[in-house]
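Look over the fold, then read on.

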Amino acid sequence: MKVNMSQGICSICGTTVKRVEMTRHIQRCGVPDPKAPVTKRPANPSFHLFVDGRYAKKYWMHLAVPADSPLSTLDAFLRRIWLECCDHMSAFTIDGDEYSESMDESLDEIIKPGMVFTYEYDFGSTTELIIKVAGYRDAPGKKQSVELLARNDAPVVVCQICGALPATQICADCNDNDKGWLCDTCAEAHDCGTEMCMPIPNSPRAGVCGYTG
Ligand SMILES: [Zn+2]
Ligand SMILES: [Zn+2]
Ligand SMILES: [Zn+2]
Ligand SMILES: [Zn+2]
């Protein structure tokens, strides 16, 4: 599937929207003043973040994060929804500075609308994300935690063995050789055994280091 054909669901209104149109959609959906410029800091500021896989663009999401949250809040959310396999190290690189370990700096102090920064999970089999600060988002009735505004529909990937049917399972062992995405039929016949085959997670870390969601 071409990345620009990717679509997902806005969790505010439930509408299916194309990847390329989602940022503008989110900027107008469920906010008190849809005409307010997103670069203007509102009374109850959250940051609207667009996140995708650096090498896996078909996985993406939009988040609202309260502006006074520490970086560790974003780190914890990314791990929980997309990444965590065995408590690897992670780091943000923002404006040339690397943030790892404690991550207690508040977002307000280090990001602003228009910035793009990166995040790496696991310095061995790294999953790298790009995070774009799409703007501020007014969040009256202030939410304390990260809000998932939208994410991609699970992409259809063709089985790497038969090349015909859609993959439904991943063998983590064979994923290292790009032979791990299997359809039901090929999974049944798989040499590593069906117990090695896991459902495919909707994540840029699918199949890496045994990640199964
Ligand atoms: Zn919407
Ligand atoms: Zn791991
Ligand atoms: Zn197959
Ligand atoms: Zn295998």
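Cys171 stands opposite Cys197 in strand 12. Strands here are DSSP runs (E, at least two residues), as helices are (H or I, at least four), numbered from the N terminus. This is a predicted model: local features need pLDDT of at least 70, side-chain atom pairs count only at pLDDT 80 or more, and totals for chains, interfaces and linings use all residues. Residues are numbered from 1 along each chain as its sequence is written, and chains are lettered from A and ligands numbered from 1 in the order in which they are written.

**Three-stranded sheet**
- Strand 10 (residues 169-171) and strand 12 run antiparallel, joined by 3 bridges.
- Two strands pair if DSSP finds at least two bridges between them.
- The open sheet has the order 11-10-12, with antiparallel pairing.
- Strand 11 (181-182) and strand 12 (197-199) are the edges; each has a single partner strand, so one side of each lacks a neighbour in the sheet.

- The order is 2-1-9-4-3-8-7-5-6 in an open, antiparallel sheet.
- Strand 2 (16-18) and strand 6 (97-99) each have a single partner strand, so one side of each is left without a neighbour in the sheet.
- Neighbouring strands are turned by 25° against each other on average, direction ignored.
- Axes are lines fitted to C-alpha atoms, for helices over the stretch in contact; angles run from 0 to 180 degrees between N-to-C directions.
- Strand 7 (residues 116-121) is joined to strand 8 (residues 127-138) by 6 bridges.
- Tyr121 has Thr127 of strand 8 as its bridge partner.

**Helix on the sheet**
- Helix 2 (residues 71-83) packs on the sheet and touches strands including strand 4 and strand 7.
- Contact means C-beta atoms, placed from the backbone, within 7 Å.
- The direction of helix 2 makes about 60° with that of strand 7.

Methods:
Contact = placed C-beta atoms within 7 Å.
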